[in-house]
Amino acid sequence: MQWRNSFSHYGLLSIVLHWSVAVTVFGLFGLGFWMVGLDYYSGWYQTAPDLHKSIGVLLFVVMLARVLWRWFTPPPASLPSHGRLTRLASKLGHSFLYVGLFVLMISGYLISTANGRGIEVFGLFELPATLTSIPNQEDIAGLVHEYLGWVLVIFAGIHALAALKHHFIDRDRTLTRMLGRK
């Protein structure tokens, strides 16, 4: 399998980035959902948010790399069997996922740095707090983060269902191209 995308197939790096981002997003959603229910006396009360933030920062870096990679090696062309509406829905859906993920991660950053402290990333380095003067920053960013997190996870589920529909009902190569099969 080649590293770069071809006209008809995704390359190995695109496939690895896609699935690693998908697993990470669902994992962060689950961790976030679980950690908001922790009480002060839980052993995970500090650890879970720190883990969530650190992984979120790394995900931001991976998403930047993914956007650069997508620019460097565009995705394969749509299948000939896809109509105009399917192609438009695909472009809009992928754009929403990309933009939504960046807004989600930026809102997480704004929540975490609202008090003026940076984000410690796995104890390796600190991402500084650069924007702390927005009125009600933590509350507004928190609402955006929570609701957009739900919307993105639901939309990613719809995205997965669409891929399954293409595979099992339309019997086209949409899903197999992202699985690395020819």
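Biologist: Where is Phe122 found?
Modeller: Phe122 is in the loop between strand 1 (119–121) and strand 2 (125–127). Elements are DSSP runs numbered from the N terminus: helices are H or I with at least four residues, strands are E with at least two. This is a predicted model, where local features need pLDDT of at least 70, side-chain atom pairs count only at pLDDT 80 or more, and totals for chains, interfaces and linings use all residues. Residues are numbered from 1 along each chain as its sequence is written, and side-chain values use heavy atoms, with hydrogens and water left out.

Biologist: What is the phi of Phe122?
Modeller: Positive, about 50°, although Phe122 is not a glycine. Phe122 is partly exposed, at 42% relative accessibility. The cut-offs: buried is under 20% relative accessible area, exposed is over 50%, and partly exposed lies in between, with a 1.4 Å probe and protein chains only.

Biologist: And Arg171, where does that one sit?
Modeller: In the loop between helix 4 and helix 5 (174–178). Arg171 has a positive phi of about 55° and is not a glycine. At a relative accessible area of 67%, Arg171 is exposed.

Biologist: Step back. How many helices and strands are there?
Modeller: There are 5 helices and 2 strands. Along the sequence the pattern reads α-α-α-β-β-α-α. The C-alpha trace spans about 55 × 30 × 30 Å along its principal axes.

Biologist: What share of the protein counts as buried?
Modeller: 32% of the 182 residues. Nonpolar side chains tend to be buried together in soluble globular proteins.

Biologist: Which residues touch the most other members in the largest nonpolar core?
Modeller: Val21, Leu59, Met63, Leu101, Met105 and Leu152, out of 13 residues in that core. A core is a set of buried Ala, Val, Leu, Ile, Met, Phe, Trp, Tyr and Cys residues joined through side-chain atoms within 4.5 Å.

Biologist: Which elements give two or more residues to it?
Modeller: Helix 1, helix 2 (47–72), helix 3 (84–112) and helix 4. Helix 3 gives the most, with 6 residues.

Biologist: Aromatics next. How many pairs does the structure hold?
Modeller: The structure holds 9 aromatic pairs. One is Phe29 with Phe33: their ring centres are 6.4 Å apart and their planes at 15°, so the pair is stacked. The rule covers rings of Phe, Tyr and Trp (its six-membered ring) with centres within 6.5 Å; planes under 30 degrees apart are stacked, over 60 edge-to-face, and the rest tilted.

Biologist: How many residues apart are Phe29 and Phe33?
Modeller: They are 4 residues apart, about one turn, and both lie in helix 1. Phe29 is partly exposed at 22% relative accessible area, while Phe33 is exposed at 54%.

Biologist: Phe33 and Trp150: stacked or edge-to-face?
Modeller: Edge-to-face, because the centres are 5.8 Å apart and the planes sit at 85°. That pair links distant parts of the chain: Phe33 is in helix 1, Trp150 in helix 4 (residues 137–168), 117 residues apart. Trp150 is partly exposed, at 37% relative accessibility. Phe29, Phe33 and Trp150 form one aromatic cluster.

Biologist: What sits over the ring of Phe72?
Modeller: The charged end of Arg4, 4.5 Å from the ring centre. The test is NZ of Lys or CZ of Arg within 6 Å of the ring centre and within 35 degrees of the ring normal.

Biologist: How many salt bridges does a search of the whole structure find?
Modeller: The search finds 1. The side chains involved are those of Lys165 and Asp170, at 2.7 Å, N to O. The criterion is a side-chain nitrogen of Lys or Arg within 4 Å of a carboxyl oxygen of Asp or Glu. Both ends are partly exposed: Lys165 at 37%, Asp170 at 34%.

Biologist: Back to the start of the chain. Is Met1 buried or exposed?
Modeller: Exposed, with a relative accessible area of 55%. Met1 is in the segment before helix 1 (12–35). Together with Trp3, Leu12 and Val16, Met1 forms a nonpolar surface patch of about 420 Å² accessible area. Patch members have over 30% relative accessible area and no salt bridge; like charges are joined within 9 Å, nonpolar side chains (Val, Leu, Ile, Met, Phe, Trp, Tyr) within 5 Å. Areas use the Shrake-Rupley method with a 1.4 Å probe, and for residues only the protein chains shown count as cover.
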